[in-house]
Amino acid sequence: MTVCYNKPEFVIDSNIARFINRYYGLNLNGEIRRKKEIISLAKIIFNFQHTGQLLFALLDFTALICKPVKPECSICMFVNYCKYKGLIRTI
Ligand code: SF4
């Protein structure tokens, strides 16, 4: 809906869920895409006029920076706001 028809829909895949989980310090485990905390925050994040562009930006960001293993926190624009623990933060 958001990509093809530019409808303001929220999207949650495993990558976006991981970013939300880390950024907000939720520390959720397992199948987090369907957890109510993730869904609520995704709705807030996707409360944006161009949700299709936001979606692709988040997919690129989570593929290149907020990766599943060894996220690139030292070059991440969100490092000063992100609540993810257990990382070396050099910025
Ligand atoms: S600081 Fe690290 S964990 Fe937080 S959003 Fe950036 S890459 Fe992801």
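User: Which residues come nearest the ligand?

Analyst: Keep in mind that this is a predicted model. Eleven residues lie around the ligand. Of these, the ones that come nearest are Phe19, Cys66, Cys73, Cys76 and Cys82.

User: How do the residues of the shell around the ligand divide by class?

Analyst: Cys and Phe both count as nonpolar. The shell has no polar residues.

User: Are helices α2 and α3 roughly parallel or roughly perpendicular to each other?

Analyst: Two packed helices are described by the angle between their axes and the distance between the axes. Helix α2 covers residues 14–23 and helix α3 covers residues 36–45. Their axes are 10 Å apart, at an angle of about 95°. Angles of 65 to 115 degrees count as roughly perpendicular, so α2 and α3 are roughly perpendicular.

User: What classes of residue make up the contact of α2 with α3?

Analyst: From α2 come Ala17, Ile20 and Asn21. They meet Ile38, Leu41, Ala42 and Ile45 in α3. By class, that contact has six nonpolar, one polar and no charged residues.

User: How many aromatic pairs does the structure hold, and what is the geometry of Phe19 with Phe61?

Analyst: The structure holds six aromatic pairs. In the pair of Phe19 and Phe61, the rings sit 5.3 Å centre to centre, with 80° between the planes. Planes over 60 degrees apart count as edge-to-face, so the Phe19 and Phe61 pair is edge-to-face.

User: How many residues apart are Phe19 and Phe61, and are they buried or exposed?

Analyst: Phe19 is in helix α2, while Phe61 is in helix α4, residues 51–64. The pair links distant parts of the chain, 42 residues apart. Both Phe19 and Phe61 are buried.

User: Why is the Tyr23 and Tyr24 pair edge-to-face, and which residues form the ring cluster?

Analyst: The centres of the Tyr23 and Tyr24 rings are 5.0 Å apart and their planes lie at 80°, so the pair is edge-to-face. Tyr23 counts as buried at 19% relative accessibility, whereas Tyr24 counts as partly exposed at 29%. Ring pairs link a cluster of Phe19, Tyr23, Tyr24, Phe61 and Phe78.

User: Is Thr51 buried or exposed, and which residues does Thr51 touch?

Analyst: Thr51 lies in helix α4. Its relative accessibility is 0%, so Thr51 counts as buried. Leaving aside residues up to four places away in sequence, Thr51 touches Thr2, Lys7, Pro8, Glu9 and Phe46.

Notes
Residues are numbered from 1 along each chain as its sequence is written. This is a predicted model: local features need pLDDT of at least 70, side-chain atom pairs count only at pLDDT 80 or more; totals for chains, interfaces and linings use all residues. Side-chain values use heavy atoms; hydrogens and water are left out. A residue is near a molecule or strand if one of its heavy atoms lies within 4 Å of it. Axes are lines fitted to C-alpha atoms, for helices over the stretch in contact, and angles run from 0 to 180 degrees between N-to-C directions. Helices (H or I, at least four residues) and strands (E, at least two) are DSSP runs, numbered from the N terminus. Angles under 35 degrees count as roughly parallel, over 145 as roughly antiparallel, 65 to 115 as roughly perpendicular and the rest as oblique. Contact means heavy atoms within 4.5 Å. Rings of Phe, Tyr and Trp (its six-membered ring) pair if their centres lie within 6.5 Å; planes under 30 degrees apart count as stacked, over 60 as edge-to-face and the rest as tilted. Buried means under 20% relative accessible area, exposed over 50%, partly exposed in between (1.4 Å probe, protein chains only).
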